[in-house]
Amino acid sequence: MKRESTGKKREEELKEEKRKKKTKIEKEWKTRWSGFDGVEIHGAYGYLIDQFLKDQVNDRTDKYGGSLENRCRFALEVVEAVVDEIGAEKVGIRLSPFADFLESGDSNPQELGLHLAKSLNKLGILYCHVIEPRVETVGSVITGSSSSGTPKSLLPLRKAFGGTFIACEGYDRNRGNKAVVENHTDLVAYGRLFLANPDLPKRFELDAPLNEYNSETFYTSDPVIGYTDYPFFETVI
Ligand SMILES: Cc1cc2nc3c(=O)[nH]c(=O)nc-3n(C[C@H](O)[C@H](O)[C@H](O)COP(=O)(O)O)c2cc1C
């Protein structure tokens, strides 16, 4: 009897804690983050969530390791928690099933990607942002894109995912336009070209020449160069 009432009390306390946390997050979202459109959950490139997803790095023996379902559990729980707080229409996720960045590779990336896409559909999130299989890395540094093409493709994932699909890696203006026109993706994300061209959308619109990126200043912190100092188009001409 006593144990039962203690259990009930704890349940009430947990409910109250959850309610307080929700109110705090809602308040914070309204004040601090009100200018933001949403949250992109980072599930790519060997960071924490990716380390759970990939069978070559996840060696857990609990319910977060082993089977595909178990390895995806943490990612899906994170997504669900964020969806609960701010709404599925404000949530996206970034994934790189094909990459083995920071030793986080998977023996069956296609199956992993498909399972995630289908599971994310149930949570109804806004978008899925996926790194193309062609990214080439050395250690933890992005070194380029395979120009020889790749037998792997994001298309099955794009077809399996019900929301907006964003592809990234190795795109330029023409390749990006072609991918959208041919319905391989809804949107394209740009990394290095955006870094070197702060006004990239305008340059694309005008089909203007681009600043070339300098990979020697990638990932440098001292001195901080190559991040905010590339010239705008007007200042070039
Ligand atoms: C200097 C630099 C820093 C990056 N930092 C991150 C990062 O913190 N997180 C991330 O997911 N991707 C990061 N990326 C990868 C880019 O987001 C993007 O996926 C990659 O550059 C491939 O796209 P691109 O071919 O358009 O450059 C970084 C890339 C560069 C060049």
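Author: Begin with exposure. A residue is buried under 20% relative accessible area, exposed over 50%, and partly exposed in between. This is a predicted model. Here Arg10 has a relative accessible area of 41%, so Arg10 is partly exposed. Glu13, at 34%, is partly exposed as well.

Reader: Which salt bridge do the side chains of Glu13 and Arg10 meet in, and at what N to O distance?

Author: Side chains of opposite charge can pair when their charged atoms come close. Glu13 and Arg10 meet at 3.0 Å, N to O. They sit three residues apart in helix α1 (residues 2–31), about one helical turn. Lys9 joins Arg10 and Glu13 in a network of salt bridges.

Reader: How many residues apart are Glu16 and Arg19 in helix α1?

Author: Three, again about one turn of the helix. Their closest N and O atoms are 2.9 Å apart, in a salt bridge.

Reader: Which parts does the pair Asp207 and Arg173 tie together?

Author: Asp207 and Arg173 form a salt bridge at 3.5 Å, N to O. Asp207 lies in the loop between α8 (200–206) and α9 (233–236), and Arg173 in helix α6 (residues 173–181), so the pair links parts 34 residues apart in sequence. Asp207 is exposed, at 52%. Arg173 is partly exposed, at 25%.

Reader: Now the core. Which residues touch the most other members?

Author: In soluble globular proteins, nonpolar side chains tend to be buried together. The largest nonpolar core here has 33 residues; Leu53, Ile93, Leu120 and Ile125 touch the most other members. Helix α3 gives the largest share, eight residues. Beyond its sequence neighbours within four places, Leu120 contacts residues including Leu76, Ile93 and Phe161.

Notes. Residues numbered from 1 in each chain as written. Predicted model: local features only at pLDDT ≥ 70, side-chain atom pairs only at ≥ 80, totals over all residues. Heavy atoms only, no water. Core = buried A, V, L, I, M, F, W, Y, C linked by side-chain atoms within 4.5 Å. Buried < 20%, exposed > 50% of the residue type's maximum accessible area, 1.4 Å probe, protein only. Helix = DSSP H or I, 4+ residues; strand = E, 2+ residues; numbered from the N terminus. Contact = heavy atoms within 4.5 Å. Salt bridge = Lys/Arg side-chain N within 4 Å of Asp/Glu carboxyl O.
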